[in-house]
Amino acid sequence: MLSNLLIFSAFLTVVRAAAISTNSTVVCSAGQCIQGFTNTTIGTVLSSPNVASNAILLPGQYTSTTNPQFLHQLLTSSSTSSSPSTGFNASTMSLPLNVAVQPGIAIYPQALYSGQAQFSALPTSQASGNSSTPLSGGALALASDLWVAVTTGGGSPDRIILWNSVPDVSQLPGVTSLSLSAMESNACSPPCSGAGVCSASGKCTCPSGFTGSSCEACAPGFFGTSCQACPAGCTHCDDGITGSGLCLSTVVTNPSSACNCLNGVCGANGQCVCNAGWTTASNGTQCATCAPGFFLDGTGDCSVCQLGCQQCANGSGICVTCKQGFTQDANDQTKCDPVQSVTSSGTVCPAGSFSNGSACQPCSPSCSTCSGPTSNNCVECATGQFSLGGSCVPTDSNGVCAGSSTIANNNKRECDSCPAKCTTCEIPNFNVASTINQLQCTGCLPGFVLSNGQCVGSCPSGTFLSPKDNLTCTACSSQCATCAGTTGFCLTCNGSQLASGGKCVSSCPSNTISTSGSCTPCHPDCATCSGTSFNQCSSCPPDRPVLSNGRCLPTCSETAFFDRTTGSCQQCDSTCSSCAGAGPSKCLACSSSTSVLRGGSCVPANCGGGGTSVVPGLGVCLSDLVSVPQVSGSSVPIPLPTVTGLNSPAVTSGKRFAWWEILLMFLGCVFIFICILALFRRRMRAKRVKDTEAFAVAKNIDTRGVGWRAKLLSLFSREPRISKEDKVALRVARLRNLEQERHMAALGKVGVAVGTEAGNKSTSSRFSGTGGDADSFYSQVTGLPPRVPAPRQPVNLRGVERARSVRYSGTTISSRNSMTEAQEYVKRVEERDGLGLDRGGPSSVDPAGTGSGQGSRNNPFRK
């Protein structure tokens, strides 16, 4: 019976081992792998038909040289495929292979990164309000350069910052539950403002309406803490992040400039309709000059000329041309007086009548004086009517001439024009005593506003543009120095009061600062401030509690925590890489690579599993992620399928260089060769220069003035001046040298060689010690011995031998009577100078008697 039980137990063990072996897998980090059973799903799964087992790669970087050999074969196999888990990049198999969490946080339902994860990506915009999301997870995997703000659910809820992955949430200090309140990348420098969101690429992403490198300001046309757009129809409002958004100027519809019109209105067809008194100028601009019968007065308006004046001068109004039947007034040159109406008999017609030739006839009832019977013949209109285009028209109660936009002028008895920028005007309660300076505009050209009866470009101080008609400037209330929108919304206040939120107060609220007579709100990042910028905070709000260099930031650095008691950042304990408070029991992650987190404290890892260590970035031993079942009732592990190379180091073959690497190496070798060649040439050139200098010293050759510096200086040096006497001497010396050369050539023809070592002392004395001619041209000019040897006349030894053996045989020379006349001359010269042709070789003679002197008479070669 006992034997049967043992057999059955052994059978169950074998079955269990077989079942486990079929589910076993290999879990690897960079440099180590363990085979066994795991529930871990973090990372990516590699599989290849050429490798015996799949492998789960934990976060890290893997290259072709990563140990062990099993992992090396899997990474370098061309048939390997990758299956990333939730939140990891689905990258192609290219080395180096980076297994990393995408920007965001992966939330695992169980500890040790087990179970199907949920991924929360890095947000691209700030969350509205103070909302938070519960984190019902057992482990958290964070991307690099990322921090997560969570609120704890303990007895006193607090805000902590997580910088690292958490393998077991229950091991965090004093945490029963977590809620995600914020998540942001730490890659931006400087950090983004409260409105901006730092992207994984290290750039602040700004919402609509915000601008600036840190999204700290509103773009033009946007206002308020949320940077909303200015009201529709406004060209300019009180914008900016501290602005109120009140409309300061409106959009001009149908501006006069749209149809090249200056003092008129653009019609529906695009044509310009000029105000009364204006017409097109010579440059083509419409409504830019005064029409005939009007002149430009001192205010820039076109006023009508006096009655009877057809054309008057700009500025003064003096009449240049009077109408027919009028003469210029002798006392007032701006006026033209009508010629008196006289009958044929010479009778002068009284006022209110005119001459019809033979008698005086009454004028029309519309006329006070006239030149004819109808109302169109009026010279001056009757009381209550005014002249307009040759006719007399009545006015309304506001002095507006009937059928026009002109205004009655009692002084001129005419209908005058409104000011240039007014489209309509009036004189309230018009009567016979009304004057033109009582005129008030009632309508303005587009782009102008109405203030105190005048059309101006903008409302003056103390008034605001009424939003009812966007035309009239309305006075502010007595408390306001300036206002907008309504009479009581003050932008600045009178006296010593300050404007805050449209009201006048004696002192600014805590979240504002006094600037230019008003209380300007602090930047939204600040609780209190010393200025309006986002880096001028004095204290911070709860969601951005850290005050650093004038800025309010949401977190301290990774190795510090925010102490609410002191309102500052304090350093974590040395055992913590991040923490929730002071002391070694408030750690959120460990600073040592050999420690793990247990209940908020960092303790030695004591990793088992054949010398495995803590996985970088995960805070857990590799052996804790993999379990190896043991035989029941013993410590012997159940046999697992054999995986080749699991514990052996990677064996890498020789590296094959890419084509661009080979090209770079070739170009490098060429460059090195060219450098060596250049150095060799430089060295040989220096050696050649040194040898040349040594040769010059040995031969007593002056090398000064040879270099480029001397050549350059010679361009600016002056040649020595030669006197007239020296020039004559040089010319004589040149002629003497030419004659000497001619004589030497003549001696050569008769076979006598010169310049030999057998010459007499008088000849050799004419050559310097260096072998050069002492009477050379250089010596005669400078008075110095020559620097270099002068060229010598070549010695024709063959000719001398021939002359001695043939032409001048001993018998011929000894016989005086048989010599020719030339031979006798040569003989005499040789005897005189002590020269002769000995048998030892050719001789050199000194020419004599070859010039124009006395000796030339005996020279037979010149006859």
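P96 sits in the loop that runs between strand 6 (81–84) and strand 7 (97–99). Keep in mind that this is a predicted model.

As for where to find P68, go to the loop between strand 5 (60–62) and helix 2 (69–76).

## Positive phi without glycine

Next up is C215, which isn't a glycine but still has a positive phi, about 60°. You'll find C215 in the loop linking strand 17 (210–211) to strand 18 (217–218). Is C215 buried or exposed? C215 counts as buried because its relative accessibility is 1%, and the cut-off for buried is under 20%.

S516 is another non-glycine residue with a positive phi, in this case near 55°. Its spot is the loop between strand 51 (512–515) and strand 52 (518–521).

## A nonpolar patch on the surface

Now for the outside of the protein. A nonpolar surface patch is formed by W659, W660, L663, L664, F666, L667, V670, F673, I674, L677, F680 and M684. Put together, these residues have about 1300 Å² of accessible area.

Take M684 as one of the patch members. M684 belongs to helix 4, which covers residues 659–698.

## The chain as a whole

Zooming out, the protein chain has 11 helices and 64 strands. The chain has 863 residues, and 37% of them count as buried.

On to the contacts: if you take those between residues at least 6 apart in sequence, 39% join residues at least 24 apart. As for the surface, the chain's accessible area comes to about 48500 Å², with 54% of that belonging to carbon and sulfur atoms.

Notes: Residues numbered from 1 in each chain as written. Predicted model: local features only at pLDDT ≥ 70, side-chain atom pairs only at ≥ 80, totals over all residues. Heavy atoms only, no water. Patch = residues over 30% accessible without salt bridge, like charges linked within 9 Å, V, L, I, M, F, W, Y side chains within 5 Å. Areas by Shrake-Rupley, 256 points an atom, 1.4 Å probe, with all protein chains shown as cover. Salt bridge = Lys/Arg side-chain N within 4 Å of Asp/Glu carboxyl O. Helix = DSSP H or I, 4+ residues; strand = E, 2+ residues; numbered from the N terminus. Buried < 20%, exposed > 50% of the residue type's maximum accessible area, 1.4 Å probe, protein only. Contact = heavy atoms within 4.5 Å.
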